[in-house]
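Subject: Structure for you to look at

Hello,

Please find the structure below, with its sequence.

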Amino acid sequence: MTQLRAGRPDRLGCVLVSPNPQPAVEVSGLVKRYGSKTAVDGLDLVQQPGTVLALLGPNGAGKTTTVEICEGFRTADAGSVRVLGLPAGTEALRPRIGVMPQGGGGYPGIRAEEMLNLVAACAAHPLDPKWLIEVLGLGGAVRTPYKRLSGGQQQRLSLACALIGRPELVFLDEPTAGMDPQARRLVWDLVGALKEDGVSVLLTTHLMDEAESLADDVVIIDEGRVVAHGSPAELTANRPDDQQLRFRARPGLDTTLLSAALPERLKVREVTRGAYVVEGLIDPQVVSTVTSWCAQQGVLAEELTVAKRSLEDVFLELTGRELRS
Amino acid sequence: MTTFAPGTFKPSPGRGSLPRMLFVHARTEATLTLRNGEQILLTVIIPLALLVALSLMSVIPMPEPRVGSATARIFALAIISSAFTGQAIALGFDRRYGVLKRLSASALPRWLLVAGRVCGALVVVALQIALLAVTALFLGWRFPLSGLPWVVLLIVLGTLTFGALGVLLGGSLRADIVLALANIIWFVLLMVGGVALSVPVGFVHLLPSAALAQALETSVVHGTAPGVGPVAVLVAWGVVAGALATRTTKLT
């Protein structure tokens, strides 16, 4: 475990931020159309200050559009978007929010440290750029021009630019896209530290584990609408009998006999080829029924596990299993 | 697991001081231009080589003293190279790499984003002109000092006009198209746009390149105020290009 401390301590005279009673982000009835396509279709969400909210959804669900409207990059066609109590896009908001746009951003020929110094110059009480460069593991690439940084390095620099000005609210649009597992861990630790220090974080992701381990609240959106909203625990365990028994066996087994042998409230499905799932309240009797049915079929049940629904199950249930174009 | 001392990220938002933002932004712009090899070739090496060639060889007919006329025309070329072609290409690629969006998301005001680029461009042009002027003096150029205020004014006006045209081109099209067009236009303006030699055809004098070269020639060679005509042409191009560019320039 490494302990890191900012090189530049809090200065006297820095702006004191009182606990903010207003929501960090408040979106209601948001609509955004691109030509004939409706990207966001009546979206509502509220983020309490000091919390981490994850916008989860498949590609094209409207996550980036929603975030960019909050950041002030796009304007809404209808609805209201308030950020830290002010209408989104207000000039006075920009010093108070930190933004990590999707895919980052930098001059093609600029070095990481120069880019961070430039963004630091825009802030009244920035973090120490040298320290932040080291924290984000960019110390070995300080002289590399931006265009030659790897995708993950560009993302880390972009994250540094979002945090350098000590914002009250940070927007992270797919913060860990293109990052290796170590860097992803670091980002998760950073988000945890931000929350500890009272910074609100709104992030988008399509990674379930990211949303599950980081977020206080998850808003699942699809086709521009909210399809579910709650804490990861609420979303995954809203019913006590919401459990699953999963196993793998030969594809195409006839499960009608198994269904008949199980209590009526349990459902059996072959979710993908050779992957079977029994949903409902799983007790030892259910496990025994399943294994004896397998024995009758002359197959061995492999990877047999009992678990509660994962966020991924909830997500796929709500947004469908077919691939989006 | 990495842990951070409590309070490390405690919010303390605020906008930096305007002069410092402007200084750091302009310095960044100028540094990046001066570090870019292709930009140096276009803005320094080629104008320098042409200055020497035009002064020493009488391939192109030019009024005597040759070096004075050549210096004026190469000043114009240097301004076109960096404020128009260099700025357009840089902007095209800056947009591709998302830097405008990145900076728009910071506390940098929009007007400062433009002002920083303009100041950066003026610094680069000042360095180009200084280098070319020293070379011209070695080649025997005698500068009537009475022309100095006019030359400075024309350099600033030329940089703003061609800068606006550069932003108009680089701010809306795809980077590779900008790269091709900006170089082609540079070459056309140099050859037939009244820069390398004054073309007697009427409409050429309405081009900003011919206007800048002609105005500079008056002040650099004779040390007098430029004619109203060329200055009006420059201002008109600058105003129209600037007005259009504010509508067409996209962040990405």
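Of the 325 residues in chain A, 42% count as buried. Keep in mind throughout that this is a predicted model. Chain A has ten helices and 15 strands, and its C-alpha trace spans about 75 × 45 × 40 Å along the principal axes. Take the contacts in chain A between residues at least 6 apart in sequence: 71% of them join residues at least 24 apart.

Two loop residues of chain A have backbone angles to check. A:Leu84 is not a glycine, yet its phi is positive, at about 50°. This residue is found in the loop between strand E5 (78-83) and strand E6 (86-87) of chain A. Is A:Leu84 buried or exposed? There are 22 other C-beta atoms within 10 Å of A:Leu84, and 20 or more count as buried, so A:Leu84 is buried.

A:Glu174 is the other residue to check. Its phi is also positive, about 50°, and A:Glu174 is not a glycine either. The loop that holds A:Glu174 runs between strand E8 (169-173) and helix H5 (181-196) of chain A. With 21 other C-beta atoms within 10 Å, A:Glu174 is buried.

Next is the contact between the chains. Chain A puts 49 residues into this contact and chain B puts in 35. On the chain B side, the elements that give two or more residues are strand E1 (2-4), helix H1 (18-35), helix H3 (66-96) and helix H4 (99-104). Which of them gives the most? That is H1(B), with seven residues. By class, the chain B side consists of 16 nonpolar, twelve polar and seven charged residues.

H1(B) also packs inside its own chain. Two packed helices are described by the angle between their axes and the distance between the axes. The axes of H1(B) and helix H5 (residues 110-138) of chain B come within 8 Å and cross at roughly 50°. The two helices, H1(B) and H5(B), are therefore oblique to each other, and their crossing is right-handed. Residues of H1(B) in this contact include B:Leu18, B:Met21, B:Leu22 and B:His25; among those of H5(B) are B:Leu112, B:Ala115, B:Gly116 and B:Arg117. The contact of H1(B) with H5(B) has eleven nonpolar, four polar and two charged residues.

The crossing of H6(B) and H9(B) is left-handed. From H6(B) the contact takes residues including B:Leu157, B:Gly158 and B:Leu160, and from H9(B) residues including B:Leu234, B:Trp237 and B:Gly238. How many charged residues are in the contact of H6(B) with H9(B)? There are no charged residues there, but eleven nonpolar and five polar ones.

Last, the record. An unreviewed UniProt entry annotates residues 40-60, 72-93, 114-141, 147-170, 177-207 and 227-246 of chain B as "transmembrane region". In the model, residues 40-60 of chain B are 81% helix and 0% strand, with the end C-alpha atoms 25 Å apart. Residues 147-170 of chain B are 96% helix and 0% strand, and there the end C-alpha atoms lie 33 Å apart.

Regards

Technical notes. Residues are numbered from 1 along each chain as its sequence is written. Chains are lettered from A and ligands numbered from 1 in the order in which they are written. This is a predicted model: local features need pLDDT of at least 70, side-chain atom pairs count only at pLDDT 80 or more; totals for chains, interfaces and linings use all residues. Two residues are in contact if their C-beta atoms, placed from the backbone, lie within 7 Å. Helices (H or I, at least four residues) and strands (E, at least two) are DSSP runs, numbered from the N terminus. Ala, Val, Leu, Ile, Met, Phe, Trp, Tyr, Cys and Pro count as nonpolar, Asp, Glu, Lys and Arg as charged, and the others, Gly among them, as polar. Axes are lines fitted to C-alpha atoms, for helices over the stretch in contact, and angles run from 0 to 180 degrees between N-to-C directions. Angles under 35 degrees count as roughly parallel, over 145 as roughly antiparallel, 65 to 115 as roughly perpendicular and the rest as oblique. A crossing is left-handed if the near helix is turned anticlockwise from the far one by less than a right angle, and right-handed if clockwise. A residue is buried if 20 or more other C-beta atoms lie within 10 Å of its own, exposed if 12 or fewer, and partly exposed in between; C-beta atoms are placed from the backbone. UniProt positions are given in the numbering used here, feature names are shortened, and annotations may be inferred rather than shown by experiment.
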